[in-house]
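Visitor: Can you walk me through this one? Keep it quick.
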Amino acid sequence: YKAKSGRHGHHVYQSEDNSHGEIRLRTQQELRLAVTDDQLVVHYQPKIGLKTGEVTGVEALVRWQHPTRGLLLPEDFLDLVEESGLMHALTRIVLTKALDQAVLWQDDGHALTIAVNMSASSLVNVEFPEEIVRMIAARGLPASSLMLEITEDFLMSDRDRARNVLTRLREAGIQIAVDDFGTGYSSLSYLRDLPIDELKLDRSFVMPMADDARAASLVASTIDLAHSLGLRMVAEGVESSVAYDELARFGCDHAQGFFMSRPVPALELDSWLAARHDLEPAPANEIQLLP
Ligand code: C2E
Ligand code: MG
Ligand code: MG
Ligand code: MG
């Protein structure tokens, strides 16, 4: 009986595996269409300066407006994008949309830094830094209005190449942030020697702060360490006023999170910015969560 169910289990696994394979294949075909048919959209989440309460920048986050399945999040399709060799196309699309949006915001008088996430696979392309520089220049934007968010795995995989790429981008005036900081294997002493502007502390460190004193003191000392190395610190995943106030007290430079705003389409961010502007001047500790 046991053996039979084992065999049965194996069989079920195989057939599941097959249908899973078919789904992947279909999704890959759909992904190619997403790229050629302009189904990828970019949402924006504001980043707030904790000293002034001002919106200093936005992070561009990709979504897939799927024709039948609705709006899909990166976790639903990014791995497959990578496997299908489409990551470079996606990066170019997101950069183009984000920079076009940056021009609109600049024309509206919002000096916002736009942060774009870079996969390691996009950054290993040796032509890419120059291509990015051309994209910014073609729009008449200052290079410093673009920030690239890179991950620790890119920094650690091929150190010479990483240093090279970052140096070229930095020399062009583009800002560099290390995303999800604390989840990888890089050390602060290694990061100290790289051309980096800021660290984004992963939300897994920030979210427990509100009800765990030890988590909070870990965050506080990480902020101090970053500062001692001349790096700015951004906290991700700020979901409550408690976390927001505590981060401000710890001297954290910027905060990003659902407490201020979820990632939203550009038009929605415009209304959010306008509503927030009406509230100003607001003390940093009285920021209201907008409906
Ligand atoms: P990330 O770069 O660390 O982006 C932050 C993620 O945390 C976003 O998820 C955002 O919606 C979420 N988040 C922000 N505030 C909060 C909060 O207060 N609480 C919680 N629980 N979550 C919060 P999203 O948009 O689903 O993106 C997930 C990841 O997908 C990103 O993580 C990034 O690694 C990747 N990604 C997104 N867009 C792109 C892109 O255009 N290119 C590449 N290569 N990767 C991207
Ligand atoms: Mg990011
Ligand atoms: Mg992050
Ligand atoms: Mg993260």
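Visitor: Leaving aside neighbours within four places in sequence, what is Leu 199 in contact with?
Guide: This is a predicted model: local features need pLDDT of at least 70, side-chain atom pairs pLDDT 80 or more, while totals for chains, interfaces and linings use all residues. Numbering runs from 1 along each chain as its sequence is written, and side-chain values use heavy atoms, without hydrogens and water. Contact means heavy atoms within 4.5 Å. Among the partners of Leu 199 are Val 178, Phe 181, Leu 188, Ala 226 and Met 233.
Visitor: Which way do the side chains of β7 point?
Guide: Glu 198 and Lys 200 point one way, Leu 199 and Leu 201 the other. All are buried, that is, under 20% relative accessible area with a 1.4 Å probe, protein chains only. In a regular strand, side chains alternate between the two sheet faces.
Visitor: What does β7 pair with, and in which sense?
Guide: Strand β6 (residues 175–181) pairs with β7 in the parallel sense, over three bridges. Strand β8 (residues 232–235) also pairs with β7 in the parallel sense, over four bridges. Pairing takes at least two DSSP bridges. Strands are DSSP E runs of at least two residues, helices H or I runs of at least four, numbered from the N terminus.
Visitor: And Glu 198, which bridge partner does it have in β8?
Guide: Arg 232.
Visitor: New topic. Which residues of α5 are buried?
Guide: Phe 128, Pro 129, Glu 131, Ile 132, Met 135 and Ile 136. They sit on the same side of α5 because their arc is only 165 degrees around the axis, taken from axis-to-C-beta directions.
Visitor: What covers them?
Guide: The cover includes α3, α4, β5 and α7.

Note on methods. Chains are lettered from A and ligands numbered from 1 in the order in which they are written. Buried means under 20% relative accessible area, exposed over 50%, partly exposed in between (1.4 Å probe, protein chains only).
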